[in-house]
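Open the model in your viewer and keep the sequence beside it. This tour goes from stop to stop, saying what to select and what is there.

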Amino acid sequence: MNNLKSYLDLLDRAGQQDVGMDTCHYLHIIGSLVAKKPQQVLEVGVGTALLTVGLVMALRYNQCGVLTCVDNWADWQGVEPPEIASLREAGVTVLAPVEERQFIAECPSGMYDFVVSDGDHKDSGSWVDDYFRITKPDGFIYFHDTNNHDRFPSLSCIEERVKELGLPYFHFTQSSRADERCERGLLFVVNKKA
Ligand SMILES: C[S@@+](CC[C@H](N)C(=O)[O-])C[C@H]1O[C@@H](n2cnc3c(N)ncnc32)[C@H](O)[C@@H]1O
């Protein structure tokens, strides 16, 4: 339990970040991972690494599963942030600098059972079918920033595609606190494919 407690302390110290997800969405994803027991976890778009650290802590709590992260460091002027070294030391496979488009296209099918996509905000929606292809049946997929059509039209189309495919989903879009921005959207999809 200590891994999870120290993650809660980290979130408390960090507060809400401009580029990061909402704290409640971190808590949801981490709780979901702890319960799902995935073997292969993929995070596209490391950003603040606040989620990445939580994924590591949750995998340690589960005593199973490994994490792969993909980033092109576009938000870091192309330079790997220094804290990434400690993620590598913790056993995370960090594939960088790597373009999301290229990684997803070249990734074998059915590789991952738990995926978080928060990388390419311009085009990611155009290869959403590949996300379903690389995720195992019954795998969980989270897409962030999916509820802002004006700013991220490609991402806001993902919900429509999920509906077309008849996949079960829930779109988290509601804030309850003044310091939240949950209306940016966190789309949770279960890859219920044949
Ligand atoms: C919004 S941040 C992710 C935030 C993260 N989920 C968090 O909670 O802190 C987006 C990340 O994706 C990376 N990124 C942006 N475009 C990308 C692309 N085309 N391919 C790979 N990574 C990309 C950026 O460098 C950045 O680290």
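## The cores

This is a predicted model. Begin with its largest nonpolar core, which has 33 residues. Select Ile29, Leu51, Leu67, Phe114 and Tyr142: these have the most contacts inside the core.

Which element gives the largest share? It is α3, with seven residues.

Go back to Leu51 and show what is around it. Leaving aside neighbours within four places in sequence, Leu51 is in contact with Tyr7, Met21, Tyr26, Ile29, Ile30, Glu43 and Val116.

## Aromatic rings

Next, show the aromatic side chains. The whole structure holds seven aromatic pairs. Select Tyr131 and Phe143 for one of them. Their rings sit edge-to-face, 5.4 Å centre to centre, with 85 degrees between the planes. Tyr131 belongs to helix α6 (residues 128-134) and Phe143 to strand β5 (residues 135-144), so the pair ties together parts that are 12 residues apart in sequence. Are these two residues buried or exposed? Both Tyr131 and Phe143 are buried.

Then select Phe114, Phe140, Tyr142 and Phe188, which form one aromatic cluster. Lys36 lies over the face of the Phe140 ring, 5.0 Å from the ring centre.

## Around the ligand

Move to the ligand. How many residues surround it? There are 21, and the closest are Tyr26, Thr48, Asp71, Glu100 and Asp118.

- Gly47: a backbone N or O atom lies 3.0 Å from an oxygen atom of the ligand.
- Trp76: an N or O atom in its side chain is 3.4 Å from an oxygen atom of the ligand.
- Asp120: an N or O atom in its side chain is 3.3 Å from a nitrogen atom of the ligand.

## Glu100

Keep the ligand in view and centre on Glu100, one of the closest residues to it. Glu100 lies in helix α5. It counts as buried because its relative accessible area is 5%, below the 20% cut-off.

Show the contacts of Glu100. Not counting residues up to four places away in sequence, Glu100 touches Val44, Ser117, Gly119, Asp120, Ser124, Trp127 and Tyr131. Two of these can be followed atom by atom. The Glu100 side chain reaches the backbone nitrogen of Asp120 at 2.8 Å. A polar contact of 2.9 Å also joins the side chains of Glu100 and Tyr131. Tyr131 is the residue that pairs with Phe143.

Glu100 and Val66 are 34 residues apart in sequence and 19 Å apart in space, C-alpha to C-alpha.

## Asp22

Select Asp22, in the loop between α1 and α2. Is Asp22 buried or exposed? Asp22 counts as buried, at 1% relative accessibility.

Its side chain makes a polar contact of 2.8 Å with the side chain of Arg184. Show the wider surroundings too. Leaving out residues up to four places away in sequence, Asp22 touches Gln16, Glu180, Arg181, Cys182 and Arg184.

## Backbone exceptions

Finish with the backbone. Most residues other than glycine have a negative phi, and most peptide bonds are trans.

Select Ala96 and Pro97. A cis peptide bond joins them, with omega about -5 degrees. Pro97 sits in the loop between β3 (93-95) and α5 (100-106).

Go on to Lys37, in the loop between α2 and β1 (40-44). Lys37 is not a glycine, yet its phi is positive, about 65 degrees. Lys37 is partly exposed, with a relative accessible area of 42%.

The last stop is Gln77, in the loop between β2 and α4. Here too phi is positive in a residue other than glycine, near 50 degrees. Is Gln77 buried or exposed? Gln77 is exposed, with a relative accessible area of 72%.

Notes
Residues numbered from 1 in each chain as written. Predicted model: local features only at pLDDT ≥ 70, side-chain atom pairs only at ≥ 80, totals over all residues. Heavy atoms only, no water. Phe/Tyr/Trp six-rings, centres within 6.5 Å; stacked < 30°, edge-to-face > 60°. Helix = DSSP H or I, 4+ residues; strand = E, 2+ residues; numbered from the N terminus. Buried < 20%, exposed > 50% of the residue type's maximum accessible area, 1.4 Å probe, protein only. Lys NZ or Arg CZ within 6 Å of the ring centre and 35° of its normal. Core = buried A, V, L, I, M, F, W, Y, C linked by side-chain atoms within 4.5 Å. Contact = heavy atoms within 4.5 Å. Near = heavy atom within 4 Å. Polar contact = N/O pair within 3.5 Å; in protein donor to acceptor, adjacent residues only side chain to side chain.
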